[in-house]
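Dear colleague,

I am handing over the structure that follows, together with a short account of what was found in it. Please keep it open while you read.

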Amino acid sequence: MADEPTIFQKILDGEIPADVVLENDDCLAFRDVNPQAPVHVLVIPKRPIVSLHTATDADVELLGKCLRMCDAVAEKEGCQEAYRVIANSGAGAGQSVFHLHFHVMGGRELSWPPG
Ligand code: 5GP
């Protein structure tokens with residue numbers, strides 16, 4: 001039986017709505033439904049990659065495009081001087097949606113190390 005599409009695949013397919021911030025041919029950026037900062041946007045590749053761990057050398061260009069979009073999101077949201085990008089890889093690291101995504105967070109003080 002085919003795997004159930006992830007919630008992010010359903011957003012890409014237009015089956016569920018999302019508050020889109022930026023989009024191009026390769027990547028989509030939309031607001032996190034449960035924001036942990038004033039700016040909390042998720043950047044995903046349109047091609048489904050499960051996680052950074054499952055990404056391969058063939059994905060390098062796409063990963064770079066996602067990171068460029070992370071910075072474009074920060075710029076658009078006005079937090080380009082101080083923002084954080086997080087990619088949880090694996091359930092043990094807190095990954096709950098198994099379609100690679102980068103959290104772009106800003107708009108408040110960001111302590112280090114993260115909890
Ligand atoms: P993870 O825990 O996998 O690193 O992050 C998944 C993120 O996706 C969480 O921050 C969660 O709030 C967000 N999320 C889960 N379901 C939805 C949804 O349906 N729409 C949006 N916009 N974000 C979601």
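The largest pocket holds about 390 Å³ of space. A pocket here is an open set of points, on a 1 Å grid over the protein atoms alone, where a 1.4 Å probe fits and protein lies on both sides within 12 Å along at least five of seven lines, and lining residues have an atom within 4 Å of a point; the volume is the space filled by probe spheres set on the points, which are joined across faces, edges and corners. The lining of this pocket has 22 residues, and the closest to its centre are Phe 8, Asp 32, Val 33, Asn 34 and Leu 42.

This is a predicted model, in which local features need pLDDT of at least 70 and side-chain atom pairs count only at pLDDT 80 or more, while totals for chains, interfaces and linings use all residues. Residues are numbered from 1 along each chain as its sequence is written, and side-chain values use heavy atoms, with hydrogens and water left out.

Helix 1 (7–12), strand 2 (27–31) and strand 3 (39–45) each bring at least two residues to the pocket lining, and helix 1 gives the most, with 3 residues. Helices (H or I, at least four residues) and strands (E, at least two) are DSSP runs, numbered from the N terminus.

The same helix 1 takes part in the 1 aromatic pair of the structure.

The 5 strands form an open sheet with antiparallel pairing and the order 1-2-3-5-4, where two strands pair if DSSP finds at least two bridges between them. Strand 1 (20–23) and strand 4 (83–86) stand at the edges with a single partner strand each, so one side of each has no neighbour in the sheet. Strand 4 pairs with strand 5 (residues 102–106) in the antiparallel sense over 4 bridges, and Val 104 in strand 5 is the bridge partner of Val 85.

Best regards

Note on methods. Rings of Phe, Tyr and Trp (its six-membered ring) pair if their centres lie within 6.5 Å; planes under 30 degrees apart count as stacked, over 60 as edge-to-face and the rest as tilted.
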